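Subject: Model for your files, with notes on salt bridges

Hello,

Please find the structure below. My notes follow it.

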Amino acid sequence: MHSGPGWLEGCDHKRLVPGKSSAKRGVLLGTVVDSRRGRVLVELSGTVKRGDGVVFDCQRATDDEQGGRVFEVFRQGKSLEGLVAGGQVELTFAHG
């Protein structure tokens, strides 16, 4: 799963578009551990916040990728605001 700052932090092309993929993706966000009750449990290797766009890298063709905007971030059942780094978090996504 990937998330990125877009152009908000300048034009660091290597950070915005990693050379290992031809798809326009951000940096690695983390690894999916589980999904349940409409939430995705992720072990973070990067940072995430509400509103970030993510793509799940499931080795699918680019036109069949799944992802969306993060609606809410939870840690141990508590909803978090602002930038969250490290550890396990649950992400929810807006429906539709």
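A residue is called buried when its relative accessible area is under 20%, exposed when it is over 50%, and partly exposed in between (1.4 Å probe, protein chains only). This is a predicted model: local features need pLDDT of at least 70, side-chain atom pairs count only at pLDDT 80 or more, and totals for chains, interfaces and linings use all residues. Residues are numbered from 1 along each chain as its sequence is written, and side-chain values use heavy atoms, with hydrogens and water left out.

Salt bridges

Side chains of opposite charge can pair when their charged atoms come close. I counted a salt bridge where a side-chain nitrogen of Lys or Arg lies within 4 Å of a carboxyl oxygen of Asp or Glu. The structure holds six of these.

One of them pairs Glu90 with Arg39, with 3.2 Å between the closest N and O atoms. The two residues are 51 apart in the chain, and the pair links distant parts of it: Arg39 belongs to strand β4 (residues 39-44) and Glu90 to strand β10 (residues 88-93). Strands here are DSSP runs of E with at least two residues, numbered from the N terminus. Glu90 has a relative accessible area of 10% and is therefore buried, whereas Arg39, at 22%, is partly exposed.

A second pair is Lys49 and Asp52, whose closest N and O atoms are 2.9 Å apart. Lys49 is partly exposed at 34% relative accessible area, while Asp52 is buried at 7%.

Arg50 also forms a salt bridge, with Glu72 as its partner and 3.7 Å between the closest N and O atoms. This pair too links distant parts of the chain, 22 residues apart: Arg50 sits in the loop between β5 (47-48) and β6 (53-56), and Glu72 in strand β7 (residues 66-75). Arg50 has a relative accessibility of 35%, so it counts as partly exposed.

Shared partners join some of the salt bridges into one network, made up of Asp34, Arg36, Arg37, Arg39 and Glu90.

Leu41

What does Leu41 touch, leaving aside residues up to four places away in sequence? With contact taken as heavy atoms within 4.5 Å, the list is Thr31, Val32, Val33, Asp34, Arg36, Gln88, Val89 and Glu90. Leu41 itself is found in strand β4 and is buried, with a relative accessible area of 11%. Its C-alpha atom is separated by 9.9 Å from that of Gly30, 11 residues away along the chain.

Regards

Conventions: Helices (H or I, at least four residues) and strands (E, at least two) are DSSP runs, numbered from the N terminus.
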